[in-house]
Structures are given as C-alpha cells and as structure tokens.
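Let us walk through this structure step by step.

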Amino acid sequence: MKFGKRLKRQIEETLPEWRDKFLSYKDLKKLVRLISAAPPSGDSAEDQFIRLLDAEIHKLNSFFVEQEEDFIIRQKELQERFREVMEGHGDMTSIRKDIVNFHGEMVLLENYSSVNYTGLAKILKKYDKRTGALLRLPFIEKVLKQPFFTTELVSKLVKDCESMIEAIFPEREGMSRVERKAAGAAEQIIFRNTMAALATIEELRKGSSTYGHFSLPPIGSPEADLLLTLQPPSPIPIVMN
C-alpha cells in the first residue's frame, strides 16, 4: 500500500480530535510536483515547500508535547484511583475502563510518532529525487532530535500502565458473571484502540522495497504480547505480520 493511502487510512481510524494533527503529506507532495514543473520565481514552490515543512514540524511537536503533558497528569490521577481500588475503595469497573482507554491513547501517540516520521522521510526522498538536492540527510538528523520523535517518556508511561492492567485483570476463575462481562467489554476496548496502531507500527518498521538508512528500525511488540494475555473470549480478528 502506498504511504499516502496508508496515512489516509490511519487518520480515519484515529481519534477524531487528532485527525488534523498529522503531517500534511498531500500538500507537501503537491509542492514537490510543482518544483519540477514551474520555473524559479520570487516565491518559488521550493521556498513554499521548506516553509510548509518547518510549519509541519512545529505542528507535530506542539501536539505531541501537549499530549505528553496531558498523559503525565492523567497517569498520576489513575495511579491514585488504582491505589484506592486495590485497597477496596472505588469502582473497579470504572478504573478498568479508564486505564485501558488511557493505554490505547498512549499507544496511538507512539504510532503517531512513527507515521509522521515515515511521512517526512518519504516526502524528503521525493524532494531530493525531483530537485537533485540533498535535503533529506540534514533534515532527518534534525527530526531525530525533535520532541515528536522522542518517545521514551511515553513508552515508560505505557509500561507503567501495563503494570496496572495486569493487576486489575485477574484470571477469570472466581469472577462473577457480571465481573467477567465488564472485564470482557474493557478488553474489547483495548484491542480496538491499540491493535490498529500496533499493526501500523509493525508495517512501517518492517523491511520493504524502500527500506534504508532513514527507515524506522524493526521492533518487537511488547504491547501485543500483553494484549494476547488479555484476549477476550469472543474472537477479534488480529493480523500480526
């Protein structure tokens, strides 16, 4: 699947409020086409491309940092509620639902980082090919230092959240029918919110005909391992390459 179609699909599947926060790949691609077609002018397509590229990096960083800060606050609140529930206070069903939804959002943000990095690498490759310039290498070196590509903090929050998930989803033996039903519903949420993101990360990071120095490195999927341990009784189609 071409990246443009993959990005469109990913945007359609993400949270509605995130949809205008992704890389404007289509607009950048249009400018790349104009560069080779139009003669140089006072405000050339090449100048417009560079300006839009810088604006897009700013957009990606702003959104990513905003989400990170929100996740830090929400994680602390959930940890406090988690402690209360484990001490016998509070609503177990509610905390389960909120934790798995939170986990799904964080995995989506990791996916957001991967998708947008890949889009930048691909559009810069097209730019270099059209112009004969060598913009991709210095620009990607700059991108690797940008907040939206620095996912260590989010990855730590994901792991902390997974520890809570493991604690609040005990073995089904000994659970009442109502508890099993509530747990199954929450688990369905984590599958729906997360598996599409994991599949996209896997697809972006695996080798392809365009795999090279600027591709994301192949990774394992610890989140997928956790999801498989929580697999609900009713089957959900999962494709893992």
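Start where two helices meet. Met 92, Ile 95, Arg 96, Ile 99, Val 100, Phe 102, His 103, Met 106, Leu 109 and Glu 110 of H4 are in contact with Val 154, Ser 155, Leu 157, Val 158, Cys 161, Glu 162, Met 164, Ile 165 and Ile 168 of H6. Contact means heavy atoms within 4.5 Å. By class, the residues of this contact of H4 with H6 are 14 nonpolar, 2 polar and 3 charged. Here Ala, Val, Leu, Ile, Met, Phe, Trp, Tyr, Cys and Pro count as nonpolar, Asp, Glu, Lys and Arg as charged, and the others, Gly among them, as polar.

A word on where this comes from. The model is predicted: local features need pLDDT of at least 70, side-chain atom pairs count only at pLDDT 80 or more, and totals for chains, interfaces and linings use all residues. Residues are numbered from 1 along each chain as its sequence is written, and side-chain values use heavy atoms, with hydrogens and water left out.

Now the geometry. Two packed helices are described by the angle between their axes and the distance between the axes. Axes are lines fitted to C-alpha atoms, for helices over the stretch in contact, and angles run from 0 to 180 degrees between N-to-C directions. H4 and H6 pack at about 150°, and their axes are 10 Å apart. H4 and H6 are therefore roughly antiparallel to each other. Angles under 35 degrees count as roughly parallel, over 145 as roughly antiparallel, 65 to 115 as roughly perpendicular and the rest as oblique. The crossing of H4 and H6 is left-handed. That term applies if the near helix is turned anticlockwise from the far one by less than a right angle; clockwise makes it right-handed.

Step back to the whole chain. It has 8 helices and 0 strands. Helices (H or I, at least four residues) and strands (E, at least two) are DSSP runs, numbered from the N terminus. Along the sequence the pattern reads α-α-α-α-α-α-α-α. Of the 241 residues in the chain, 44% are buried. Buried means under 20% relative accessible area, exposed over 50%, and partly exposed in between (1.4 Å probe, protein chains only). Among contacts in the chain with a separation of 6 or more, 78% join residues 24 or more positions apart.

H3 comes next. How do H3 and H4 cross? The axes of H3 (residues 45–86) and H4 (residues 92–131) come within 10 Å and cross at roughly 165°. That makes H3 roughly antiparallel to H4. H3 passes H4 in a left-handed crossing. The contact of H3 with H4 holds 22 nonpolar, 5 polar and 7 charged residues.

H3 also packs against H6. Their axes are 11 Å apart, at an angle of about 25°. That makes H3 roughly parallel to H6. This crossing, too, is left-handed. On the H3 side, the contact includes Phe 64, Phe 71 and Phe 82; on the H6 side, it includes Leu 153, Asp 160 and Ala 167. The residues of this contact divide into 13 nonpolar, 2 polar and 2 charged.

Which residues touch the most other members of the largest nonpolar core? They are Phe 49, Leu 53 and Ile 99, in a core of 50 residues. A nonpolar core is a set of buried Ala, Val, Leu, Ile, Met, Phe, Trp, Tyr and Cys residues joined through side-chain atoms within 4.5 Å. Helices H1 (3–13), H2 (25–37), H3, H4, H5 (136–143) and H6 (152–168) each give two or more residues to this core. H4 gives the largest share, 15 residues. Leu 53 is in contact with Leu 28, Leu 120, Ile 123, Leu 124, Leu 135 and Phe 139, leaving aside neighbours within four places in sequence.

Ile 11 lies in H1. Beyond four places in sequence, Ile 11 is in contact with Arg 19 and Phe 22. Ile 11 and Val 115 are 104 residues apart along the chain, and their C-alpha atoms are separated by 10.0 Å.

Ser 24 sits in the loop between H1 and H2. Ser 24 is buried, with a relative accessible area of 19%. Neighbours within four places aside, Ser 24 is in contact with Glu 56 and Lys 59.

Lys 29 is in H2. Is Lys 29 buried or partly exposed? Lys 29 is partly exposed, at a relative accessible area of 27%. Not counting residues up to four places away in sequence, Lys 29 touches Ile 123 and Lys 126. Lys 29 and Lys 126 are 97 residues apart in sequence, yet 8.1 Å apart in space, C-alpha to C-alpha.
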